[in-house]
Amino acid sequence: MTPRTWRIGLTGGIGCGKSTVADMFATRGAAVIDADAISRSLTAPGGRAMASIAQTFGHQMVDVHGAMDRQAMRANVFQNPEAKKQLEAIIHPLVSQITAEQAQAALQTGRRVLVFDVPLLVESGERWRKQMDRIIVVDCDAETQRERVMARSGLAVEEIDRIMALQASRSQRLACADTVIFNQGLSLTELEAQVAQLAADFGL
């Protein structure tokens, strides 16, 4: 009998430890498909979205290397909600397309557990959720998020709070979860034990 295929949606707010959990699943044999990395690749030099971005927004949104000028685009989107919709209309279909390509490639190599690492899974409504068999949310309190992000990136508290305000609230994420990994006050070994237990449910 062919083992079933699992499509797992993994999400969490900034600083919750989602990427660490994704790495732990990868170590156990899951194929991790990173929506954020795909999105970044689209707007890198030579990225699939760059021709449309230049055509829609003008060459002032393209830096000297041929990548999207993130700072200029951030300011543009912040001031103009319509620009945000235009950018999403370019990026989202391409992310979906490449995600599907990577998932298919993983299945063809015999992978049976696909972990979709999606920072904005909750914010995107049903777009991601309806494709998943299980949603895992990595969770911690807001103060822990701030401490971790400050330690790793040196951002000011105000900047971190601004990023957190743009993300779904903690309660919104938890409401979408089939499983919650409460990653607060845990050692890496303890976190790994939780991931191992979950991975076993998926046959890893």
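Me: Why is Arg-162 called partly exposed?
Reply: This is a predicted model, and in it Arg-162 has a relative accessible area of 33%. Buried means under 20% and exposed means over 50%, so at 33% Arg-162 counts as partly exposed.

Me: What makes Glu-159 and Arg-162 a salt bridge?
Reply: Their closest N and O atoms are 3.1 Å apart. The cut-off is within 4 Å, so the pair qualifies. Both sit in helix α8 (residues 157-166), three residues apart, which means about one helical turn separates them. Glu-159 is partly exposed too, at 30%.

Me: How do you know that Lys-84 and Glu-88 form a salt bridge?
Reply: Here the N to O distance is 2.9 Å, and the limit is within 4 Å, so Lys-84 and Glu-88 count as a salt bridge. They lie four residues apart in helix α5, about one turn of the helix. Lys-84 is partly exposed at 41%, and Glu-88 is partly exposed at 30%.

Me: Why is the pair of Glu-101 and Arg-48 said to tie parts together?
Reply: Glu-101 is in helix α5, while Arg-48 is in the loop between α2 (35-42) and α3 (50-57), so the pair links parts that are 53 residues apart in sequence. Their closest N and O atoms are 3.0 Å apart.

Me: Is Thr-99 buried or exposed, and how do you know?
Reply: Thr-99 has a relative accessible area of 4%. Buried means under 20%, so Thr-99 is buried. Thr-99 lies in helix α5 (residues 81-108). Leaving aside its neighbours within four places in sequence, Thr-99 is in contact with Ile-33, Ile-38, Phe-116 and Trp-128.

Me: Why are β2 and β5 said to stand at the edges?
Reply: The open sheet has five strands in the order β2-β3-β1-β4-β5, with parallel pairing. β2 (31-34) and β5 each have a single partner strand, so one side of each has no neighbour in the sheet.

Me: What makes β4 and β5 a pair?
Reply: Two strands pair if there are at least two bridges between them. Four bridges join β4 to β5, so they pair, and they run parallel. In one of these bridges, Val-138 has Ile-181 of β5 as its partner.

Me: What makes the nonpolar surface patch with Phe-182?
Reply: Leu-174, Val-180 and Phe-182 make this patch of about 230 Å². A patch residue needs over 30% relative accessible area, and Phe-182 has 39%, so Phe-182 passes that cut-off. On β5, Val-180 and Phe-182 make up the uncovered face, while Thr-179 and Ile-181 are on the covered one.

Note on methods:
Residues are numbered from 1 along each chain as its sequence is written. This is a predicted model: local features need pLDDT of at least 70, side-chain atom pairs count only at pLDDT 80 or more; totals for chains, interfaces and linings use all residues. Side-chain values use heavy atoms; hydrogens and water are left out. Patches are made of residues with over 30% relative accessible area and no salt bridge: like charges are joined within 9 Å, nonpolar side chains (Val, Leu, Ile, Met, Phe, Trp, Tyr) within 5 Å. Accessible areas come from the Shrake-Rupley method with a 1.4 Å probe; for residues, only the protein chains shown count as cover. A salt bridge is a side-chain nitrogen of Lys or Arg within 4 Å of a carboxyl oxygen of Asp or Glu. Buried means under 20% relative accessible area, exposed over 50%, partly exposed in between (1.4 Å probe, protein chains only). Helices (H or I, at least four residues) and strands (E, at least two) are DSSP runs, numbered from the N terminus. Contact means heavy atoms within 4.5 Å.
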